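Trainee: Before we look at the model, could you show me how to read a sheet and its loops?
Mentor: Let us take the strands, then the backbone.

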Amino acid sequence: MKSRPHSKVRRRFHHPSLRLLFLFLPEIFSSVGGSSVQEVIGAVGESVTFTTSVPVSGNLIYKGDTVGQVLNKQSETDQNEKFMNRLDWVSQSGFFTLSDLRTDDSGLYTVESIKEPKGRQDYQLEVYERVSAPQVKNTDSSPSELCSLLCSVRNVRGLKLDLYEDDVLLNHTSSSSASDTTLNLHLEIKKTDDHRRRTFSCVASNRVSTEKTTIDITHYCSLNPGLNTGNYTGFCL
């Protein structure tokens, strides 16, 4: 009787540490040599500072174009007409500062230091207009038991408009299109209610500012249908 040849058994070596290493290798390599983008928020007319130091030599790049340059501690910041007289390099800190901000300054900026200490950082600048105070007016077209009010504000980027009774949010809306010239919220209340202990307010806000208008219901809503209410603008926060 012939004996069967011994079959070779291949053993696989499994090590949990190696398995974890292989799982994370793509993330490790993707992060090497890259810098995360820092978001910078600014308001129209104000200034922002890019806090990556260029102490000796380096550049400020905007959308792929060099707009500021430092060479052996000597700066040239008027290379681009768009940033003329608005871009500065501070020798003490090595920081670039952009002043008198405009909405079209928004975009990707890169600061790179090409001499020791070397470094590179990307910044996404977002510039917003400040919001204006909401205006309130009575929209009653005929005598009614209801008092109809309209709260409106000029539209700017990132605008939110909220309507409150005391600290309770009654209604809200936000800017969905730059083509909208105003945002509006409606408020209807019964003229027969006692409003002396009720406080309504309309709040406009975006990432750089907040404005609040307090609504004096007794000023707008009266049992006298002939009352001339006019407009009322509140205070800002």
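**Reading the sheet and its loops**

Mentor: β8 and β9 run antiparallel and are joined by seven bridges, where strands are DSSP runs (E, at least two residues; helices are H or I, at least four), numbered from the N terminus, and two strands pair if DSSP finds at least two bridges between them. Within this pair, T110 stands opposite D122 in β9. This is a predicted model, in which local features need pLDDT of at least 70, side-chain atom pairs count only at pLDDT 80 or more, and totals for chains, interfaces and linings use all residues. Residues are numbered from 1 along each chain as its sequence is written, and side-chain values use heavy atoms, with hydrogens and water left out.

Trainee: What is the order of the six strands in the open sheet?
Mentor: Strands of a sheet pair through backbone hydrogen bonds, either parallel or antiparallel. Here the order is β1-β9-β8-β3-β4-β5, with mixed pairing. Because β1 (37–43) and β5 stand at the edges with a single partner strand each, one side of each has no neighbour in the sheet.

Trainee: Which residues does a cis peptide bond join?
Mentor: The cis bond joins E116 and P117, with omega about -5°, and P117 lies in the loop between β8 (107–113) and β9 (119–128).

Trainee: Is N85, with its positive phi, buried or exposed?
Mentor: Buried means under 20% relative accessible area, exposed over 50%, and partly exposed in between (1.4 Å probe, protein chains only). N85, whose phi is near 65°, counts as exposed because its relative accessibility is 66%.
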